Amino acid sequence: MIGESKSHPWVPEERGSRRVHGDIKTRGSLSHAIVLLFIEGFLLCGFLATFEYAPEANAGNRQNSYSPHLNGKPSSLPVTYTLYQDVHVMIWIGFGYLMTFLKRYGQSAIGLTFLLGAVLVQVAIICEGVLHIHTGKAYLSLTSLLSADVAVATPLISMGALLGKTTYMQLVFMGIVELIVFTVNKYVGEHLLQAVDAGDSMFVHAFGAYFGLAVSFVFGMKNKPKEHRLEGPSYNSDIFAMIGTVFLWLFWPSFNSAALQGDSQQRAIINTLLSISASCVIAFATSGLVSKDSKFNMVHVQNSTLAGGVAIGTAAGMMCEPVGAVVIGALAGLFSVLGYKYLTPLIQRGAKIHDTCGVHNLHGMPGVLGGIFGALMSGLATEASYNYSLYEIFPARTPSSGPRLAEITDNHGMTPPGLDRTAGQQAAYQLFALAITLGIAIVSGLITGMMMRVSIFGSVDEEQKFDDEFHWELEEEESSNESKKERNSSSGDQLPMGHI
């Protein structure tokens, strides 16, 4: 029995050793806090060396001095700001609250998302700025902030696979390394291969998921994943997680359309709404079919209802037709629920990959599905259905020279030369970009995971996993004895995600 075990951590004989362990942990946490100060200092130096305001935000631009108003009224902010705010809400509220489903890790889910987001959005801005330095410095604009927010989603997705098992310094280090690799991979995909990924199904969702799973695999090599007493939701934590789900569901059309303009942006909003609506309905239906007594499962509802937004991302701005958006959303919802039900336990047992939030089912598989669907739509794209906007969506398909390029320029305006790709070649490059993204994510994730196990970043003991007490000063309302009893009991709670 637990009460009879002399090695149990709560018996009086062990208080001395626990106090020593607590002192060591306090010293480690203090050093990590100091490292955060140094990180912010390095970021400050990075902004000093890299950026200046873009012309539209620079008071030194004479045009801004004599035309601050339009028609006698203060000029309004561009549409970019509205989309930026929508994505901003998704990152800090949507992702943060979605990860509050663990019964005793809510403060860490929201708080660490807050911290990581604040650090990594600066890292993402600098990473992108380095690629766009003009005459000594890069321009900083609303577009820069929007792109950085989208990039920050990548390490937050990876964080979901590791939730409750790492120190915050391990997560900060992982996020910085991941954003550097992410920036390189996206540059290769978008600029060298000229693959189209409007909603970042490949470059954000698939990359973030498989990077995080690779890191989790490295952690599982040392300690085989096993059931933990705190790994599971409670009634209240599930309600909080639904806040994140609803915010993400509402604002996902903005996420997929933020990088687009004109008719492409409108199609992306329409296609995303149709796809994510279909995934919501199919996720509920499939959950009822595979769950006990044909009841809905909250894990499925919190996550799989969003899978359609991921799956339509690559083809969001393409002419996939409303029926295509509905079909891909329905498939994503179906595969995601089946993944939670059958694939997650299999991966945990067979590959020793513990996926706390099930990012493989919400971001990994739907991201790959979205990349394949985008390649299919690229292969079917013709000038008959797109007119001259075909060459805006797929710049590589523009003729490189000759009368055809001149004809397009005369009828559509100034069009830069392309690579004269066929539809089949563009589809092949789309699949090639997906394969490269998966390869880079897995390899870099494995290397990063090994680096994260270095003692300088700290570690979380098995007993301390999935517990807010590791990171936070907790104000307990109940007595000490009641608190201990609650933390050591899992009766009445749902089973951990890996055993659903």
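Modeller: Start with a term: two residues are in contact when heavy atoms lie within 4.5 Å. The model is a predicted one. By that rule, Met159 touches Met99, Ala109, Leu112, Thr113, Leu116, Leu171 and Met174, leaving aside residues up to four places away in sequence. Met159 also belongs to the largest nonpolar core, which has 84 residues. Along with Ile91, Leu163, Trp252 and Phe255, Met159 touches the most other members of that core. Apart from it lies another core, of 21 residues, including Val196, Ala311, Tyr386 and Ile408. In soluble globular proteins, nonpolar side chains tend to be buried together.

Now the chain as a whole. The chain has 500 residues, and 51% of them are buried. It holds 18 helices and five strands. Among contacts with a separation of 6 or more, 79% join residues 24 or more positions apart.

Next, the salt bridges. Side chains of opposite charge can pair when their charged atoms come close. The whole structure contains eight salt bridges. Three of them follow.

Take Glu190 and Lys186. Their side chains meet at 4.0 Å, N to O. Both sit in helix α6 (residues 168-192), and because they are four residues apart there, about one helical turn separates them. How covered is each partner? Glu190 has a relative accessible area of 31%, so Glu190 is partly exposed. Lys186 has 18%, which is under the 20% cut-off, so Lys186 counts as buried.

Arg229 and Glu463 make another salt bridge, at 2.8 Å, N to O. Where do the two partners lie? Arg229 is in the loop between α7 (201-222) and α8 (235-257), and Glu463 is in the loop between α17 (423-452) and α18 (480-487), so the pair ties together parts that are 234 residues apart in sequence. Arg229 is at 19% relative accessibility, so Arg229 counts as buried. Glu463 is at 36%, so Glu463 is partly exposed.

Then look at Arg404 and Glu407. Their closest N and O atoms are 2.9 Å apart. The two lie in helix α16 (residues 403-412), three residues apart, about one turn of the helix. Arg404 is partly exposed at 30% relative accessibility. Glu407 is partly exposed as well, at 36%. Elsewhere, shared partners link salt bridges into one network, which joins Lys186, Glu190 and Asp200.

Two buried polar residues deserve a look too. Ser279 is in helix α9 (residues 262-290). Its relative accessibility is 0%, so Ser279 counts as buried. A polar atom of the Ser279 side chain lies 2.9 Å from the backbone oxygen of Ile276. Beyond residues up to four places away in sequence, Ser279 touches Ser304, Thr305, Leu306, Ala307, Gly308, Gly329, Ala330 and Gly333.

Asn303 is in helix α10 (residues 298-303). Asn303 is buried, at 6% relative accessibility. Asn303 and Trp249 are 54 residues apart in sequence, and their C-alpha atoms are 9.9 Å apart in space. Residues up to four places away aside, Asn303 touches Leu98, Tyr340, Cys357 and Leu362.

Last, the surface. Leu30, Ile34, Phe38 and Phe42 make a nonpolar patch of about 470 Å². Ile34 belongs to helix α1 (residues 15-50). Ile34 is partly exposed, at 40% relative accessibility.

Terms used:
Residues are numbered from 1 along each chain as its sequence is written. This is a predicted model: local features need pLDDT of at least 70, side-chain atom pairs count only at pLDDT 80 or more; totals for chains, interfaces and linings use all residues. Side-chain values use heavy atoms; hydrogens and water are left out. A nonpolar core is a set of buried Ala, Val, Leu, Ile, Met, Phe, Trp, Tyr and Cys residues joined through side-chain atoms within 4.5 Å. Buried means under 20% relative accessible area, exposed over 50%, partly exposed in between (1.4 Å probe, protein chains only). Patches are made of residues with over 30% relative accessible area and no salt bridge: like charges are joined within 9 Å, nonpolar side chains (Val, Leu, Ile, Met, Phe, Trp, Tyr) within 5 Å. Accessible areas come from the Shrake-Rupley method with a 1.4 Å probe; for residues, only the protein chains shown count as cover. A polar contact is a pair of N or O atoms within 3.5 Å; within protein, one must be able to donate a hydrogen and the other to accept it, and residues adjacent in sequence count only if both atoms are side-chain atoms.
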